[in-house]
Amino acid sequence: MLRFYNTMTRQKEDFHPIEPGKVNMYTCGPTVYNYPHIGNYRAYMFEDLLRRYLKYRHYQVTQIMNLTDVEDKIIRDSQQTGLTLDAFTQQYKTAFFEDLKTLNIEAAEVYPEATTHIAEMVEMIQTLIERGYAYEAEGSVYYRIDRFPAYGKLAHFDPGELQRGASGRIDIDEYDKDDVHDFALWKAWSPDDGEIYWDTALGRGRPGWHIECSAMSMKYLGSHFDIHTGGEDNIFPHHENEIAQSEAATGQRFVNYWLHCRHLLVDNQKMSKSLGNFYTLRDLLERGYKPKGLRYALLSTHYRQSMNFTLEGISGAENAVQRLLDFMNTLQTADGDGTADVSALLQQTQARFEESLDDDLNIAGALGAIFEMVREVNRAIADRQLSSAGAEQVSALMHRFDTVLGVLADDDAVDDRAEALLLERQEARKQRDFARADAIRDELQNMGYAVEDAPQGSRLKRL
C-alpha cells in the first residue's frame, strides 16, 4: 500500500485517490524573476520522483505546475531592467523549461501562467466578497482570516496567539509565520506598478500571489483534488492562505494530501550569495558537472530530510550514476553458462524497490536494493555464470526502475564521427598498426570519449 506523510495530519497515511486509478496533483512552480537555484530544483526533483512513481504504480497522473509571472519581486526587477513584464519573465520561463529538460524532469500536463488567468482570480475574489470572507479597503481586497475558524490548520498554529499588525492587513506576499494578517487578494494599482495592471470589476490592479494558485489549481483540477506539493517554506503563508480562500469559496475540502520537502543546505549552511554558496543549475553545469549526476544528487536524499548539497556530493553522485551505466554495458557482455538463475534475485529486488518507495518515497531503500542486485549480478558475470538471456532479464528490470530514477536514458549518445573513429581504431589494431590505434585513442579522448577494450570488442564511454 502506497503511503505518504501528510503535512495536514503530520502522519503517514494510506493513499486513496478520489477517483480510483487517477491522481490529480498541483505543484507550486517557479516565480519567474530570476534563474531558479539548486534548492528550487530539489523541490521539483522530489515532485518528479512522486509523479514518476505514481505512474510506475499505474496511476494516470494529471499534474499542474503554475508559473508565477506577476508578483512583487517581478514588478520590482522588471522595472529596474526597463523591460515589459512579458519580455522580462519570458527569458526566465524559457530558461526554466530548458533546465527541466536538462535534468530529465517529466513535463507536467499544464503550466498555467498567472497573467493569463486573471479572469478566474477575479471571479473567485468576487465569490469570497459575496460570502463575507473578503472586503475592500482603499481599492484593494483582503481576505478576512477571522471568518475562517480553521486558519492555521496546515501550519499547526493558533492565529489568536500570534502577533498582528496595527491595521490587521498586509500587502506583501511573503511574511514571517509569527505575523498573521488579513492578506491581499487584489492589490489596487499604484504609480509604483507602472504599466503592470488589469482593469477589472474589482478596479484597476493586480492579483495577490496566494489567489493565483487557488484559481489555477481549481480551474484544471476542480475544487477538490488529491495532492498538493511544494517546499516547506510554502506551508505558511502560501499554502495556509490557499486553503483558507479555496475552502471559503467552495465550501469543500480543498486537498487530501499535502506533501512538502525540506530545505536544501549547501555545505551545511543556508544558501546565500554573500556566503558564495548560491548555485543555479547553470552555474554547476559551467563548472563541468553532468546533468545525470546533478539529478541523482538531488534525488537520492529523502524529500523530508534536509539535504546537505556539496560539490563532493555531486562527484559521488556522478560516480554512482557511472556505476549504473557501466553495469548496463557489462550486461551486454554476459555470455555465461546460465548456472546463475537471477529470477529470484530480480523478484526480491523489485519487491524491495517497491516496498521502499511505497513507504513515503523512501528512495535510499530503493537505491540500496538496486546496488545490491548490481553487485550480485556483476559477480555472476565475472564468474561466467550469467547467460545472455539472464542479462536481458536484468536489463529489462533496470529499465523499468529507470522510469522512476531517470538516469539511464542515453542522452549522451555517441556521435557518428566517434563511432567511425572507433571502427578505424579496431581495424588499425587488427593490422597491428598500434601507433595509429594510439593516435585515434588520443583523438577520441580529446572529443570526450574513453575507449574500453574487452575480449568481446571495444566500446566508447563518455568522460
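This is a predicted model: local features need pLDDT of at least 70, side-chain atom pairs count only at pLDDT 80 or more; totals for chains, interfaces and linings use all residues.
Side-chain values use heavy atoms, with hydrogens and water left out.

Helix 14 is followed by G448, whose phi is positive, near 100°. Helices are DSSP runs of H or I with at least four residues, numbered from the N terminus. Helix 14 comprises the 13 residues 434–446, and its end C-alpha atoms lie 18 Å apart, in agreement with the 18 Å that should be spanned at 1.5 Å a residue, the expected span being 1.5 Å times one less than the number of residues. Within helix 14, A437, I440 and L444 are buried, a term that denotes under 20% relative accessible area, with exposed denoting over 50% and partly exposed the range in between (1.4 Å probe, protein chains only). These residues cover an arc of only 60° around the axis, and are therefore placed on the same side of helix 14; the arc is that of the directions from the helix axis to the C-beta atoms. The face turned away from this buried side carries the exposed residues A435 and N446.

Zero disulfides were found in a search of the whole structure, a disulfide being a pair of cysteine sulfur atoms within 2.5 Å. The closest cysteine sulfur to that of C28 belongs to C213 and is 4.1 Å away, too far for a bond. C28 counts as buried because its relative accessibility is 9%, and C213 likewise counts as buried, at 1%.

Notes
Residues are numbered from 1 along each chain as its sequence is written. Helices (H or I, at least four residues) and strands (E, at least two) are DSSP runs, numbered from the N terminus.
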